[in-house]
Structures are given as C-alpha cells and as structure tokens.
Amino acid sequence: MTSTSVIVPHYNDLQGLERCLAALDRQTVPRSEFEVIVADNNSPQGLAAVEAVVGGRARVVLAPERGAGPARNRGVLASSCERLAFIDSDCVAEPQWLASGLAGLASFDFCGGPVRVLIDHDGPLSAAEAFEVVFAFDNESYIRNKGFTGSGNLFTFRRVFDDVGGFGVGLSEDLDWSHRARAKGYRLGYVADAAIGHPARTTWPQLRAKWLRIQVETFGLRQPNLANRLRWLARTWALPLSILAHTPKVLTCPRLTTTKDRLAAIRGLTLVRLWRFWDGHRLMFGVKRG
C-alpha cells in the first residue's frame, strides 16, 4: 500500500533528475510503498522532455510559478499520501534515505538528515569545490543549532504541512517553513541515516549564484526596521574577520587530503566572504546589481 509521497521539484536539469530518480528506485523501502511526484518549474525543454526522462517512475505535474518553494507546494497538492518526503532533483538519496527519514517521524513531527557534498572526479579540487566540501550543507548544525532543516531533505506529515502552510517565495523558504512549524509547537529532529548527496558547485560563477540567492533570501526574512538593518550591517562587517576564524576548519577538514586542496578551499572561503561583504552593503543600501 502506498503510504508516502516523495516530492521532487525540478527545473532545467534532466541529467540530475535522471540520477535522482534512479536513486529513488534503489531505496530499501519497496517501490510499491511510495509514490514520486516531479513538480516541473516550467523547464525550457518542455514538459514532454521531462516526462520522457521520468518514464513510468513518477508522475509529472507542471508548477508554472517560478521557484522551488512553489514547485514543492504544487507537488504536495498533487500527492495523495499522509507522509511527505522532499528531495531536490539534483540530489542523490542513499539507499536507506527514505526508510530512515520515515522512521524519524515516529519521534518527530518533521525531520531531516545529512547532505553530503559529491565530487565526481579524481585529482585537485577547484576553489568552489573545496569550499563546498568544507562548508556546504551542514544540515546537522542547521537542525541542532539553528532550528531548521533544508527543504531538500525534509520529512513530515501532511497534517503538519497543511497546518503550517506551504513554502514561501522570495525568501529562505526552508528556514521560514521550519520556524513557522516550530512556532506551532511541532518537533524538529535530526536523523543521521537519512542521507543524501548533492553535487559540489565547480566554478566561482556557480558558487556566487548560490550565495546571491541565499543573501537575497536571508535579507528578505528580516523586517525592514532600524534594529534589523543594524544587525545585518554588523553581520556583514564580521565577514572579512570570519575568513581567519574559519581557516582552521579548512586545515582540519578530513575530506581535504592535499595542501593544494586546502589552499583552494581558503581561496574559495576568501572569495565568498569578501563577495558577501560587498553584496551585504548593496542589499543594505538598495543598490541594484549591474
């Protein structure tokens, strides 16, 4: 009997979607016990191309409103089960991901697990890759210390989702949704075996695009009052200092095995923090990007 709906938002990444669906077919949970809904965000290839990749492995629905949040909401609307699992189309679920996340719902109202950075080549890492290996997707810290889980690795009940409401637009939707859920008294937990992988960004433009989105979303969560503006400015001015503060994390990261990779990670750390320092002021003072 089908008891779980897996929601996969997708936009313009047919290769990633293929890998995601292949991993879902390898879950330890019998395939007959869960449905997969691919919510396509109006990919330029067209819905027919997406359906051709999906084949009979999932149901495809169109989510015309741009954004991963609206795509997830559309997927939930089209789904039919009491338990909901969210994974992004560029992610690869480990075989025990679904079983472990669903087991976590015996103790929590919503939960998430690790997101591991995937490197698909041998040899030296780029600055972007090395930075992501050290700093990206620390979902355990997000859950235990910051009270939210990334929405690309999220399990919950339909009744909880309906009560909390859908994901927002133009802000950090996972942070916003988790905080709304916790404000209603729902319990958040970390499930160590509910693990997925996410490919590392490989170039500076890719990494900058990620942080451009995060900066805008994080800034959008704050009410536009003087106190919040000053907090944002203080946080922005701390970014250059954080390069020195976080360099020891680079030097002790077990996944970086060569001096060249550690230097690449420090270069990536410096690029990201100095760019965020500049962009934080741009957001603060309302300067449009060129």
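A nonpolar core is a set of buried Ala, Val, Leu, Ile, Met, Phe, Trp, Tyr and Cys residues joined through side-chain atoms within 4.5 Å. Keep that in mind for the views below, which show a predicted model.

**View 1. The largest nonpolar core has 73 residues.** Val6, Val38 and Trp97 have the most contacts inside this core. Helix 5, residues 127-135, gives the most to the core, with six residues. In soluble globular proteins, nonpolar side chains tend to be buried together.

**View 2. Here Val38 is shown with its contacts.** Which residues is Val38 in contact with, leaving aside its neighbours within four places in sequence? They are Val8, His10, Leu17, Leu21, Val50, Val54, Ala58, Arg59, Val60 and Val61. Val38 is also one of the residues with the most contacts inside the largest nonpolar core.

**View 3. Strand 2, residues 34-40, is largely enclosed by the rest of the structure, because seven of its seven residues are buried.** Follow the side chains along the strand: Phe34, Val36, Val38 and Asp40 point one way, while Glu35, Ile37 and Ala39 point the other way. The residues pointing either way are all buried.

**View 4. Strand 2 pairs with strand 1, residues 4-10, in the parallel sense.** Seven bridges link these two strands. To find one of the pairs, look for His10, whose bridge partner in strand 2 is Asp40. Between the two strands the chain passes through helix 1, residues 14-25, and this β-α-β crossover is right-handed.

**View 5. Strand 2 also runs parallel to strand 3, residues 59-62.** How many bridges join strand 2 to strand 3? There are four. Ile37 stands opposite Arg59 in strand 3. On its way from strand 2 to strand 3 the chain goes through helix 2, residues 47-54, in a β-α-β crossover that is right-handed.

**View 6. Strand 8, residues 153-157, is covered on both faces.** On one side are Asn153, Phe155 and Phe157, and on the other are Leu154 and Thr156. Is strand 8 largely enclosed or largely exposed? Five of its five residues are buried, so strand 8 is largely enclosed by the rest of the structure.

**View 7. Strand 8 has antiparallel pairings with strand 4 and with strand 6.** Strand 4, residues 83-87, pairs with strand 8 over five bridges, and Arg83 stands opposite Phe157. Strand 6, residues 110-112, is joined to strand 8 by two bridges. Look for Phe110 here: its bridge partner in strand 8 is Thr156.

**View 8. Three strands make an open sheet with the order 5-10-7 and mixed pairing.** Which strands are at the edges? They are strand 5, residues 92-93, and strand 7, residues 115-118, each of which pairs on one side only. Strand 5 and strand 10, residues 196-199, run antiparallel and are joined by two bridges. Ala93 has Ile196 in strand 10 as its bridge partner.

**View 9. The structure holds zero disulfides, and this view shows two of its cysteines, Cys20 and Cys111.** Cys20 counts as buried because its relative accessibility is 1%, and Cys111 counts as buried because its relative accessibility is 0%.

**View 10. Gly150 lies in the loop between helix 6, residues 139-146, and strand 8.** Is Gly150 buried or exposed? With a relative accessible area of 15%, Gly150 is buried, since buried means under 20%. Not counting residues up to four places away in sequence, Gly150 touches Asn139 and Asp174. Gln215 is 65 residues from Gly150 along the chain, and their C-alpha atoms are separated by 16 Å.

**View 11. Helix 6 packs its buried residues against several strands.** The buried residues of this helix are Asn139, Ser141 and Ile143. They pack against strand 6, strand 7, strand 8 and strand 9, residues 188-190. Just after helix 6 you will find Gly147, which takes a positive phi of about 75°.

Definitions and conventions:
Residues numbered from 1 in each chain as written. Predicted model: local features only at pLDDT ≥ 70, side-chain atom pairs only at ≥ 80, totals over all residues. Heavy atoms only, no water. Buried < 20%, exposed > 50% of the residue type's maximum accessible area, 1.4 Å probe, protein only. Contact = heavy atoms within 4.5 Å. Pairing = 2+ DSSP bridges. Right-handed = clockwise from strand over helix to strand, strands pointing away. Disulfide = S-S within 2.5 Å.
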